[in-house]
Structures are given as C-alpha cells and as structure tokens.
Amino acid sequence: MLEITGLGHAYGAHRVLEGIDLEVGEGELVTIVGPSGCGKSTLLRCLAGLMAPGEGKVVLNGTPVTGVPDDLAVVFQDYSRSLMPWLTVRDNVALPLRRRGLGRSERRAGAAEALASVGLGDAAGKYPWQLSGGMQQRVSIARALAYRPSLLLMDEPFGSVDAQTREDLEDLVLRVHRSEGVTILLVTHDIDESVYLGDRVVVLARDPGRIRAELPVTLPAGRDQIGTRSDPEFVRLRAEVGRLVRGVAADLSEAASR
Amino acid sequence: MTHESAPPRGLSRPGKWARGAAGVAILFLASEILGRAGVVDRSYLPPASSITARAFELAGDPDFLFNVRVTLTAWALGLLIATAIAVPLGLLFGSVPAVNTAVRAIVEFLRPIPSVALIPLAALLLGSGLKMEVPLVVYASSWPILFNTVYGLDDVDPTAKDTLRSFGFSRFQVLLRVSLPSAAPFIATGVRLAASIALILAVGTEILSGFGDGLGMFIAQAGNVPGGTLDVLAGTVWAGCLGLLIDMLLGQGENRVFRWHKAQRSGAS
C-alpha cells in the first residue's frame, strides 16, 4: 500500500536521506529505528506530505504523494503541543472529522467511539492540559484512529512519557493494530520498542540517512511485555538491531548460528 | 509587553484589594491635607473630598452623562473598527512573510508619530465630532492590536499547525482553526491595551478640538470658566474611573475566556 522509491533529501549541502526504498504492505506494522540524526523525522514528513523530498517518490495506495494524502494520520511525539488546548478532548478528537464532511453529531459519535477504544471514554469533557502525559498521548492516538486512516504514521510517539506509561501505550498500539487492521509505520530510537512492536524492523544508518537492514520479526503475534521480552528470539533480535543501529557490521551468519 | 504579569507572590486576592485601597486612601488623604492646609490656592487644587463630592453630583447630571455617552460612543466605535481592521491585517502580515517585509518600513515610519499630534491634521481634514474623533481613535488603537496579532502568530506552535496540516486541512483552515485561536489571548491583550489608548484619544481629541460634545469637551470648557477647576478635576476623575473600569472588565473577560492559555503555560509542559 505504501511504496517508497529512491527517496532522498538534502538541506543545503547536508544530505539527510539517500536512496530509501521501502514497501509497506496492507495491515503491516513496520518500525523504523535508527540513531539520532539519521533523518527519521525528515522521512516521516516526506511520507506525510508535509514536505516534498528532493528526490525519489512516495506512492500511497497507488497514488503518488504530492500534497498531504487524504488517508493518513500522524501521531507526533509532542502530544502537549499537538493537541489544541482551547478544545476539549472530545472536540480535539472530532476536529479532523470535519475533513470527512461529517455532521456535528456524527463527529461527536466518532470521537466518543475512538476515545472509548483507548480507554478514555470518561475524559471527553476535559481539556488536554487537565490530563497526564500518557493520557494526552492516548487522546492523540484516538484522534488519529477516529479519522480512520489507511496509514498511521507515528513519530517517536512514546518518547516523552515514563517507562510504565510507555509499555501501556505500546500495548495499546498493538491492540488497535490488531482490532482496526490499520497499517502503521512507527519511528522510534528505542531498539526494544522497535522489536516489540514491529512485524518488521527497518534499521536506518546516518550520514546520510539510508536503510542499513530490514529484519522480519518472527515473534508470535500475541505479545506481552514480560513474556515477549524474555523470549530468546526477542533477545536475539534486539541484540542484532542494537548492533546494526550502533553501526557495527553485524555478522548475520554468526548471529544466526547462536 | 504582552505577557500578563502575575499577581505578586504571597498575596491573596483580598490582600491585593486591600493594598490597592490603601494606596488610594493615602493619595486621597495627601490631597485633602494639601488642599485644606492652604499650601496651594484652594481654587487651583480643591481638597479631594470636594472633588469626590462634585464627581458624585455629576453622575446625576443629565448634561454630563450625555457628554460621557458621546465619548464612550466614539471609544467603542473606534475600538470596534480598529479590531476589525487590525486583526485581519495582523493575520495577513503574520502569515505571509513577503507582505510583512513589504510593509515593515511604512509601519516603522508611522508608529513613532504620537497619535495626539495628528489631532490638528484630522480636525483640518475631517472637521469635528465623531467623524474626526473615530478615525483618530481607530488609528491610535490599531497599533497594539496589529502588533499583538503578529506577535501571537509568531508564537503559534509549529507542531499544532503540522498536526492539522497532516489531516489535510488547507493553509487557510489551519490559520482559522489553529493560528487564530492560538493567538487569540495575545490579540485580546492587544485589544485591552488599545482600549486605554482609545479612551485617551477620545478624551484628548475632544479637549483639543475646541468645540462639540464629550467628556473631554466638558473638561476643556470647565477649564475656561473661573472657578472651574473643581469641574475639571471631577471630570478627570471620571475619565480615570472609566479607564480603570474598562481595563478591569476586559482583564476579567480575558481570564475567563482564555483559562486554557494560563493553565497550559503554567502546566507541566
């Protein structure tokens, strides 16, 4: 459903992205992991149509991405700045539904449903700044889900919440991915997270940002924080991704024989 | 200039009021003693109690009230038109950099001219009454609104704009749904600053224009009669009270409408 071919970009003389080729299938959850400064955010902005890449092209559902695609939602890291403080939680979630041409009552119903699906049915009348960070990020996720995008982009969505909340939110993403069947592309700098969430992990290298490796995650679909993280396969994968991220040329055959 | 100063730490609301009242009482007392002790001629500086008494008297005087109404009409009309002009202009300047650079020089040339200095010119071109008073009020009070709008737009969070853009909202819709509400507290502060300036201009224009109606006219004419100092001062007290009242009402309105602004700024973010 998403095809990226030969995508590259430079800010002046500084090349941030080069020769990115990536395909994401319908209903897949792909994580992109890489060191800071590997152009993760630039890549995401290109996919979201917020900026035009210097070279290469992005095709979403058969249509080349030139502006912002109709069928896409983004969850940003900075939830407190991404939610509108003058709107209630309900109105925040309902706002993008204006783009769907829905009436007021339909928008409200959609918002209520999405909020319930992230466990925030009771917070609809509150303002975002009355909620904890984790709850605010849930609201952002609900807003994206209510929009019913075919592709959900997440830009380090759990970068600014505490560890416990992070795990809860990770499981929330896995749950909505399963129940809604939405295709998700999630960018993170957290190696564990990339393996825990992904059906497939794409490792980026920096200077310029390019794809170093793509690893299928062969863990069973039903994942949980304790069991999955102690699974030998999980441990092997995170070690491999870790080596790749740090730029050590991983000897795949050696890793496989262990 | 746009940030609301927080009340002094450690002072409760009644404490704040008490201090304010104490300041007024001290000034009142000083003026009373100065007036009664004969340090200055009583007809130049009547004691505060006489001024207050006269001010209350004026509140029941239909002629005086008519003058106040004229001034307030010019004030309200001027402020309304200024807001209607300055906010859209500010939105334009603040969101289209090319326009901003183009008009920068004109703005910087016009801004330092004291609006009061334009009264003779306005009188020459526009005659007298509301039709000369209102344009002056509009001119003077447009600046703070304009600048605060541009400033407020600078302050809009790029992430908030990106969020709506990523949902496919057009630039104009993003301006309307993110930038404008986000800048609204700054714009409101600009309007409050402009409200004081508008009152100064309204009264000032009336004083200097020489004929017509209005609170300023009342003050100016009282100054021309022997022993009119009492009326001049009582009228001035009313001008001050109007200013205070307007500022308080607008300030309270801001706090109520933009509760989210304060909450967010002081929040955990």
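1. Strand β1 (residues 2-11) of chain A is joined to β2(A) by seven bridges, and the two run antiparallel. Within this pair, Leu2(A) stands opposite Val24(A) of β2(A). The structure discussed here is a predicted model.

2. The pair belongs to an open sheet of four strands in chain A, whose order is β2-β1-β4-β5 and whose pairing is antiparallel. The edges are held by β2 (14-24) and β5 (63-64) of chain A; each has a single partner strand, so one side of each is left without a neighbour in the sheet. Helix α1(A) packs on this sheet, where it touches β1, β2 and β4 (55-60) of chain A. The direction of α1(A) makes about 55° with that of β2(A).

3. Chain A also has an open sheet of six strands, with mixed pairing and the order β6-β7-β8-β3-β9-β10. Here β6 (72-75) and β10 (210-216) of chain A stand at the edges with a single partner strand each, so that one side of each is left without a neighbour in the sheet. From one strand to the next, the twist averages 20°. Strand β3 (residues 29-33) and strand β9 (residues 200-205) of chain A pair in the parallel sense over four bridges, and Ile32(A) stands opposite Val202(A) in β9(A).

4. Helix α1 (residues 40-47) of chain A packs on the six-stranded sheet as well. Its contacts there are with β3, β7 (151-155), β8 (183-188) and β9 of chain A, and its direction makes about 155° with that of β7(A). How many of the eight residues of α1(A) are buried? Six are, so the helix is mostly covered. The buried residues are Lys40(A), Leu43(A), Leu44(A), Arg45(A), Cys46(A) and Leu47(A). Just after the helix, Gly49(A) takes a positive phi of about 75°.

5. Arg148(A), which follows α5(A), has a positive phi near 50°.

6. Chain B has 11 helices and zero strands. Its C-alpha atoms fill a box of roughly 75 × 55 × 30 Å along the principal axes. Of its 269 residues, 36% are buried. Among the contacts in chain B with a separation of 6 or more, 72% are between residues 24 or more positions apart.

7. Ser182(B) gives a local example, and lies in helix α8 of chain B. The C-alpha atoms of Ser182(B) and Gly152(B) are separated by 7.4 Å, although the two are 30 residues apart along the chain.

8. The contact between the chains takes 17 residues from chain B and 19 residues from chain A. On the side of chain B that touches chain A, two or more residues come from each of α7 (158-166), α8 (171-209) and α11 (259-266) of chain B. Which element gives the most to that side? It is α7(B), with six residues. The residues on this side of chain B divide into seven nonpolar, seven polar and three charged.

9. As to confidence, the model scores ipTM 0.83 and pTM 0.82. Chain B averages a pLDDT of 86, and 94% of the residues score at least 70. Among the elements of chain B, helix α3 (residues 62-95) has the highest mean pLDDT (93) and α11(B) the lowest (78). α11(B) is also one of the elements that give two or more residues to the side touching chain A. Over residues 1-7 of chain B, pLDDT stays under 50, and the model has six contacts for them beyond four places in sequence.

Technical notes. Residues numbered from 1 in each chain as written. Chains lettered and ligands numbered in written order. Predicted model: local features only at pLDDT ≥ 70, side-chain atom pairs only at ≥ 80, totals over all residues. Buried ≥ 20, exposed ≤ 12 C-beta atoms within 10 Å, placed from the backbone. Contact = placed C-beta atoms within 7 Å. Pairing = 2+ DSSP bridges. Axes fitted to C-alpha atoms, helices over the stretch in contact; angles between N-to-C directions. Nonpolar A, V, L, I, M, F, W, Y, C, P; charged D, E, K, R; others polar. pLDDT = per-residue confidence, 0-100.
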